[in-house]
Amino acid sequence: MAAAKQQAPAQQPLDFEPLLPAPDISFWQELSRRKLDVWRLDFSQVPIAAYFEASQASGVPAKCFLHSESFEAQAKPPPPGAATVSGELLNFNTEEEFRAFLGDAAARTASLTEATQKLREDILSGEALRDPSRLQRLFLCSFANLKKYHFSYLMTLPVLRPAGAGWRRFQAPCSVEAAGLTQDALADLARSLREEPRLAGAGACLLQRSGEAWSVEPLAELQTPRVTAVGEEELFVAFVDPSSGEDVPGWPLQNLLLVLAKHRPGRHKILAFRDPQLSSTGGYSGTGAATGQLRSRVFFYETSSELADAALAEPIKAECLRARWSKIATTDLTRFMDSTKIAANAVDLNVKLMKWRVLPQLEPEKMQDLRVLLLGSGTLGCGVARALMGWGCRKMTFVDSGKVSFSNPVRQSLFTHRDAAEGRPKALAAREAVEAVLPDAEAKDVQMDIPMPGHPHQSADALRASVTQLQDLVRSHDVVCMLTDSRESRWLPSLLVAAAQLEESAESARPPPLGLTVALGFDSFLVSRQSYMGSPSACYFCNDVTAPADSLAFRTLDQQCTVTRPGLSGLATSAAVELLAALTQHGLGFRAPGAGPAESPLGSTPHQIRGYLADFRLAPADTEPFSRCICCSEKVLQRYKDEGMAFVEKVIADSSILEEISGLADMKAALREDEVETFDDFSLDDEDE
């Protein structure tokens, strides 16, 4: 004979409606910021504050609200009439840790030990009577996936209650009118919860009858002789009730019943207040206004000190601790965020991770705030821009007069075949490519020819306009990168950077720019930084013994193309940007010396780096300015200061004057005579032998 089919036991109705977590977008945004900038890999519990409000409509779940200000040490008061909830946040570093916590009931119970112990102490000491908000404590667990902006979480508001059935109701719930309360009494209670500072955020108070009127008193008055003498019919214990169930009070009532059982056991009439919008005139603007019905309910509970002592016994018994964790929820913040902001945060995250794991003293904002001028938008310009974006640098200006050719995209990483097919200007195409990769970039493009010594091809007016434009560009940036493909095109920018170092601070509203040069050979490269505000180093031209001349005319095919090993430019531009990053982290900034032990968290700050791909070698070096340099020597800079534009026009027309002005011509003449004498002497000696 088949066994009789057993019926499942009927589900017991909820005796208290639990609070559901309701974090808004600003809460997760602030959690993200603190995770990145403050906590990093520290997952210690963090104090937070929340609040819940009286229910204002039937069928609306009871909610516990969290927002950006929940993390503040001195949290602002909750909205008028709401009840404060304090507690802790435990944010896990990995999804695996979070999931392990979810699957370990013992771990979840243990995590509540501190919260429930504090709750127990506040009830025993009577502190919870003086500050009823101490009865509402939450524990929120979360995992923040900051790459995808997904936040998983669950929450509990632990309560202590007698084992078994809990507190006994000695009478069925009823309406406030049936319990003898008037609408005027509730209106006065609503006003007091909204306006009286002594009740702000408390969430519970007393409603005492005095003659025909009702007065609102703090819960702490419960132990005073005046209230102790009041009979059961003359006193209501009111609490802000987030529940919308007609005969089901909200979850926070349980700890309130426990404190009543401990300090005033017996029968209590509990007013579950759900009419926060009642005005002082008795008008009601919330749900139910059309019928004039009040939504607040009265519950009748009997409490005993024996049950309270059992629930508060130490150690706390598992059967007396009730957690009722919420369901695991996930918030996808990308639905509420602009894609540009998401991309920007993702870029910054990559940099901040270095600070978390390796370099806690790193200050990436010093690098990210730089305004960088890229003179040349070809192989080197594209490479430097890419490396700058990796650091989160967004402010860059591309300067170039050329257009993208078909040979460019394979070596110049910001360009595509389409750019070449359309013959697009390099500066414009580079700027748009940066914006496509980093949407919040503040990139600009300038299409111009840089005036060059020995290239008298522009009209006088066009030359002056170009020089003035370049001067303005140099002054408005923090770093000037010389990345052009000819030697002479670097002379004027290097001169302007060197001259800017000598300007009086009173004349300049901002520090002068740093000059940074990158140059390529077939299998070697050079990265060099110029003198900066009294910290001397050689410029790009300090090793030259001839003035720059026209190197672009009469070039054969092999001379018209950059002949260099394909991987070299990436090494050179990366070294340049990393040197710049190291300088920003040095205590002296761009004035950092080249010699001596590394004082930057990112390592040494040499004046110059030479790279040799043939034997995969880097050679950092300290340099000194050349006293007869055709660009940064004192005589050349003085002539530029005295003559200004006229001096530049002369050099553009005839670059050989630089050798005369700098003294290089005299030095070369003297060296020739010495060399001839030495050679003659050597030859005679050799013949004698």
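**Values against cut-offs**

Visitor: Why is Phe415 called buried?

Guide: Its relative accessible area is 5%. Buried means under 20%, exposed over 50%, partly exposed in between, with a 1.4 Å probe and protein chains only. At 5%, Phe415 therefore counts as buried. This is a predicted model, where local features need pLDDT of at least 70, side-chain atom pairs count only at pLDDT 80 or more, and totals for chains, interfaces and linings use all residues. Residues are numbered from 1 along each chain as its sequence is written, and side-chain values use heavy atoms, without hydrogens and water.

Visitor: Where is Phe415, and what is it in contact with?

Guide: Phe415 sits in the loop between β17 and α13 (417–421). Helices (H or I, at least four residues) and strands (E, at least two) are DSSP runs, numbered from the N terminus. Neighbours within four places in sequence aside, Phe415 is in contact (heavy atoms within 4.5 Å) with Ser377, Cys382, Val404, Asn408, Pro409, Lys426, Ala429 and Ala430. Its C-alpha atom is 7.3 Å from that of Ala433, 18 residues apart along the chain.

Visitor: What makes β16 and β17 a pair?

Guide: Two strands pair if DSSP finds at least two bridges between them. Five bridges join β16 (residues 371–375) to β17 (residues 395–399). The pair therefore qualifies. The two strands run parallel. Leu375 stands opposite Val399 in β17.

Visitor: Which strands make up the open sheet, and in what order?

Guide: There are eight: β18-β17-β16-β19-β20-β21-β22-β23, with mixed pairing. β18 (442–446) and β23 (617–621) are at the edges, each with a single partner strand, so one side of each has no neighbour in the sheet. On average, neighbouring strands of this sheet are turned by 15° against each other, direction ignored. Axes are lines fitted to C-alpha atoms, for helices over the stretch in contact, and angles run from 0 to 180 degrees between N-to-C directions.

Visitor: Which helix lies across β16?

Guide: Helix α15 (residues 460–475) does. It lies across β16, β17, β18 and β19 (479–482). It runs at about 145° to β16.

Visitor: Why is β5 called largely enclosed?

Guide: Eight of the nine residues of β5 (residues 137–145) are buried, so the rest of the structure largely encloses this strand. β4 (residues 83–92) pairs with β5 in the parallel sense over seven bridges. Leu89 has Leu140 in β5 as its bridge partner. Seven bridges also join β5 to β6 (residues 150–156), this time antiparallel. There, Phe143 is bridged to Ser152 in β6. β5 and β6 form a hairpin with four residues between them. Tyr149 in the turn has a positive phi of about 60°.

Visitor: What makes Ser494 buried?

Guide: Its relative accessible area is 0%. Ser494 is in helix α16 (residues 491–500). Neighbours within four places in sequence aside, it is in contact with Met482, Gln530, Phe541 and Cys631. A polar atom of its side chain lies 2.7 Å from the backbone oxygen of Arg490.

Key. A polar contact is a pair of N or O atoms within 3.5 Å; within protein, one must be able to donate a hydrogen and the other to accept it, and residues adjacent in sequence count only if both atoms are side-chain atoms.
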